[in-house]
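Student: Could you walk me through this model, starting with how the chain is put together overall?
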Amino acid sequence: MIKRNLPFAAIAVIALVAAPLLLEPFRLSLLAKYLCYAIVALGIGLAWGQGGMLTLGQGVFFGLGGYAMAMYLKLSESGGGLPDFMVWSGVEELPALWAPFANPVFALTMAVAGPVLLAVVLGTLVFRQRVRGAYFAILTQALAAAMVILLVGQQGLTGGTNGMTNFFELFGADLADDSTQRMLYLVVAGVLGVLYLATRQLVNSRFGRLLVAVRDGEDRVRFLGYDPALIKTVTFAVSAGLAGLAGALFVPVVGIISPALLGVVPSLELVVAVAVGGRQVLAGAVLGAVVMGYAQTTFSEQFANGWLYLQGALFILVMTLAPKGIAGILGRLRRARTA
């Protein structure tokens with residue numbers, strides 16, 4: 001088991017130590033963005049790869065975490081006054097919903113607790129009714145679409161279509177400074193490493209074995225006296241919490257949060273990334289998010305008019321030749337070398 005994880009551990013150490021030394025600030029910021037997506041992918045790998053719950057609405061939880069952090073940043077920069085977009089929208093008094101987010105502890109707590117609470121409510125309602133498979137996937141996709149409509153329609157409260165941007169400081173540090181971006185990268189990379197180890201421990205625990213059993217035979221698990229609805233709800237909530245935390249980290253790294261980043265299409269792209277990396281392996285989900293993020297950036301820079309086709313071709317190629325994703329390819333190579 002230790003030898004099997006040595007390559008991933010080596011890559012993680014190199015990324016953490018060498019990347020800030022080798023990459024220019026802009027590229028390092030892009031890598032930090034990919035790692036934020038990797039945290040979301042980790043949750044998808046847990047819910048879909050281990051639990052069989054194809055969730056197409058992770059952008060909702062990612063957005064809730066991102067907007068919670070953005071609200072704190074806006075209030076911090078305005079000194080307790082109205083954020084700039086509210087002034088432009090004609091808002092005369094700070095909404096009561098915004099006031100608690102002036103406290104950073106509250107904002108960070110809600111960035112995780114908000115998505116977890118929503119997932120618990122949704123999971124309890126859905127899984128108790130034994131909704132699963134394509135029906136669950138469509139439901140989460142509809143949730144993402146409804147969330148975008150809600151955010152766009154609340155111009156004075158959320159910034160509408162444009163969302164929130166123009167963040168300048170985080171806890172007194174200048175976000176435009178290279179040293180701050182380097183520190184943010186280290187924080188994101190460290191958080192991803194800790195969450196990966198924690199999630200992997202969860203998968204290897206008794207709960208993880210029950211989760212796989214629910215995926216492979218939910219009715220059998222129920223007949224054995226366990227509650228599949230509870231197991232799936234807890235897993236869904238953990239996945240949502242990971243996405244919310246990723247959204248909170250994403251905002252200071254990228255400098256924007258808007259409905260375009262959390263709708264149906266971004267949620268589908270994250271699922272595609274997990275499929276490319278290998279949904280049944282947590283490390284594969286992380287790798288897939290980074291690879292697809294890098295491919296998206298590279299293709300869009302080199303082929304501005306056709307990068308979506310190239311990205312789609314990459315997905316089709318991997319899924320055709322390796323249905324288990326990149327992790328499956330690496331697994332076959334390792335077994336062949338051992339043999």
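Tutor: Contact here means heavy atoms within 4.5 Å. In this predicted model, residues 24 or more positions apart account for 78% of the contacts in the chain with a separation of 6 or more.

Student: How many helices and strands does the chain have?
Tutor: The chain has 15 helices and four strands. Its radius of gyration is 20 Å, close to the 20 Å that the globule rule gives for 339 residues, so the chain is as compact as a globular protein of that length.

Student: And what share of the residues counts as buried?
Tutor: Of the 339 residues, 45% count as buried.

Student: Which residues touch the most other members in the largest nonpolar core?
Tutor: That core has 85 residues, and M164, Y185 and I257 are the ones that touch the most other members. Helix α3, residues 25-50, gives the most to this core, with 16 residues.

Student: What is M164 in contact with, leaving aside its neighbours within four places in sequence?
Tutor: Its partners include Y67, M71, F85 and W98, as well as L157, G255 and I257.

Student: Switching to α3, how do its axis and that of α10 cross?
Tutor: The axes of α3 and helix α10, residues 206-223, come within 9 Å and cross at roughly 50 degrees, which makes α3 oblique to α10.

Student: Which residues meet there?
Tutor: On the α3 side they are L46, G49 and Q50, which meet L211, V212 and R215 in α10; by type, the residues of this contact divide into three nonpolar, two polar and one charged.

Notes:
Residues numbered from 1 in each chain as written. Predicted model: local features only at pLDDT ≥ 70, side-chain atom pairs only at ≥ 80, totals over all residues. Heavy atoms only, no water. Core = buried A, V, L, I, M, F, W, Y, C linked by side-chain atoms within 4.5 Å. Buried < 20%, exposed > 50% of the residue type's maximum accessible area, 1.4 Å probe, protein only. Helix = DSSP H or I, 4+ residues; strand = E, 2+ residues; numbered from the N terminus. Axes fitted to C-alpha atoms, helices over the stretch in contact; angles between N-to-C directions. Parallel < 35°, antiparallel > 145°, perpendicular 65-115°, else oblique. Nonpolar A, V, L, I, M, F, W, Y, C, P; charged D, E, K, R; others polar. Rg over C-alpha atoms; globule rule 2.2 N^0.38 Å.
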